[in-house]
Amino acid sequence: MLMAELEAHPDQEEDYRFLHSMLREKKIHLLFKSLLSVHDAVAHRDYEPTLLPVPDDFVADEEDSVKIVSLVKTEEPLGATIKRDESTGAIVIARIMKGGAADKSGLIHEGDELKEVNGVSMECRKPKEILSLLARSKGEVTFKIIPAFYREEVSSQKKKLFVRALFDYNPEEDPTVPCKEAAVGFRRGDVLQIVSLEDETWWQARHHGDGQSRAGLIPSQQLHERRVALQRPRALFKPRTSKAPAGLRRSFRLGRKGSVAREAVRSRRWSAGVHGSIRPPTYVEVIPYHRTPTDKHRLVVLVGPSGVGVSELKKRLLISDPDRYAVTVPYTTRERRQQETDAVDYHFVPLHKFEEGILHHRFIEYGRYKGHYYGSSLDSVNRVLADGKVCLLDMHPSVCCVYTAEYRPFVVFLKPPRIEELRLTRRRAKFICEEEDKNPVRTFTEEDFEEMIDTCESMEREYGYMFDKVLVNGDIAVAFRELKSAVLRMTEAEVQWIPMEWVCPSPATARRSCSHLTGWI
Ligand SMILES: Nc1ncnc2c1ncn2[C@@H]1O[C@H](COP(=O)(O)OP(=O)(O)OP(=O)(O)O)[C@@H](O)[C@H]1O
């Protein structure tokens with residue numbers, strides 16, 4: 001090819017003739033040929049570092065974000081420093097030394113998060129421990145890392161506006177939507193990224209996680225509030241079918257002392273907006289939350305109509321892993337019985353102490369039964385959490401003192417199945433009733449089932465927007481499995497969406513662009 005090129009330039013004929021004859025000389029010709037083949041070989045060689053195959057135990061969600069890197073370590077250090085990220089608790093690469101093995105590999109960068117080193121998880125490890133682990137390793141060292149660009153992407157999401165929808169919306173059933181095809185439907189609990197708040201009536205949003213999905217119209221907060229206000233009179237005049245709201249009967253569950261249950265705290269509706277007015281639930285601003293190993297667990301709150309199985313499921317969860325789960329020990333002013341142990345069965349306290357607790361809002365719920373007080377206190381919740389355990393609490397959903405940044409509750413609502421299934425599954429179940437009942441412990445009656453279903457509907461209508469998980473308790477084994485896996489996912493998952501108010505409760509937060517969104521508490 002080169003020879004052909006030379007012949008193609010006849011204007012400087014003499015020089016080319018000389019070169020041409022030189023190249024025809026066998027040795028030089030061969031020399032050039034091998035030179036060119038070396039060039040070709042070098043040019044074609046793939047000098048890109050090869051990444052290891054993804055291990056079998058890889059979690060699907062991680063695929064986009066996690067990278068496995070393998071470096072060969074000699075006597076020399078790898079040439080990188082690490083630190084703990086104060087805000088997330090993660091171990092990250094702080095600095096890469098120029099010319100070191102890490103730098104030359106081009107595979108590890110400043111800001112990358114270290115998840116594992118040679119299969120050893122970096123969670124809960126101090127930088128010192130990791131350094132000595134690395135110092136001990138020889139030969140191939142494998143790192144599982146989250147690249148810095150992905151971390152930045154996650155943190156930049158914090159600057160975007162995300163909301164959790166607190167109602168269902170189906171554009172197909174909305175005759176007022178300007179264009180059905182341009183609207184986005186959602187279910188209560190879905191996380192939406194708001195892309196435009198410009199129009200007062202129709203905002204634009206897309207479902208979170210559907211990176212490619214188009215943004216569409218959703219009803220603005222104002223629009224939804226107006227609609228609910230128009231529907232309200234009908235709801236107010238809805239005839240009551242049940243004789244008494246069973247929800248009240250079990251608002252205080254500890255010893256099922258029911259009828260005299262009292263809320264210990266102001267019964268402020270959760271949906272009260274920033275100005276204190278009662279507003280229907282619409283959207284709540286949320287942000288991704290990464291639980292660090294030093295963070296307390298979120299409080300697990302179980303709610304549901306009386307008799308649905310809250311105590312049963314709570315007990316099963318506790319027994320399934322007592323090292324992980326715990327319940328609070330209630331307080332009482334009654335005398336300790338012989339077989340009872342203080343601080344195990346109850347905290348036995350004198351009357352004046354209990355009343356002092358009431359005055360200082362120390363109780364989540366309390367009640368009086370046969371002249372004695374019984375109550376469940378915030379202190380007992382704090383003790384369980386300080387032990388590093390997941391605290392299981394059951395209460396009436398109207399109690400709001402734990403809906404704070406401190407407890408970040410994960411609310412599970414237990415629903416009864418359809419009445420036919422209730423009849424089948426509860427045939428042998430024992431129902432504990434109020435003291436006035438002739439048989440305080442008896443089997444369920446048809447009326448109990450109807451009441452359970454009615455209460456479930458009204459609870460869902462009134463408090464549904466704050467349920468993180470809704471479970472139907474038909475077959476107990478299935479309900480237990482679902483509850484356990486929901487709680488496990490909640491405690492283990494890397495990212496959870498929690499109300500912005502829990503993270504930035506300052507007035508400045510309320511002034512953000514979405515300040516008019518309903519605060520959750
Ligand atoms: N899925 C189920 N199948 C059969 N029996 C069940 C199921 N769930 C609960 N039970 C039984 O129903 C009865 C009432 O359940 P449980 O005491 O847990 O109700 P609860 O929601 O705590 O009610 P309360 O608030 O009145 O105390 C218990 O005997 C329990 O074992």
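The following exercises, with worked solutions, concern a predicted model of a protein chain.

Residues are numbered from 1 along each chain as its sequence is written.

**Exercise 1.** State how many helices and strands the protein chain has, and what share of its residues is buried.

*Solution.* Helices (H or I, at least four residues) and strands (E, at least two) are DSSP runs, numbered from the N terminus. The protein chain has 16 helices and 24 strands. Buried means under 20% relative accessible area, with a 1.4 Å probe and protein chains only. Of the 521 residues, 43% count as buried.

**Exercise 2.** Determine which residues of helix α13 are buried and where they lie around the axis.

*Solution.* Helix α13 spans residues 446-463 and has 18 residues. The buried residues in α13 are Asp448, Phe449, Glu451, Met452, Thr455, Cys456, Met459, Glu460 and Tyr463. These residues lie on the same side of α13, because they cover an arc of only 165 degrees around the axis; the arc is that of the directions from the helix axis to the C-beta atoms.

**Exercise 3.** Locate His224, explain why it counts as buried, and identify which residues it touches.

*Solution.* His224 belongs to helix α7 (residues 221-236). His224 counts as buried because its relative accessibility is 13%. Contact means heavy atoms within 4.5 Å. Not counting residues up to four places away in sequence, His224 touches Phe167, Pro281 and Thr282.

Technical notes: Predicted model: local features only at pLDDT ≥ 70, side-chain atom pairs only at ≥ 80, totals over all residues. Heavy atoms only, no water. Buried < 20%, exposed > 50% of the residue type's maximum accessible area, 1.4 Å probe, protein only. Expected span 1.5 Å × (residues − 1).
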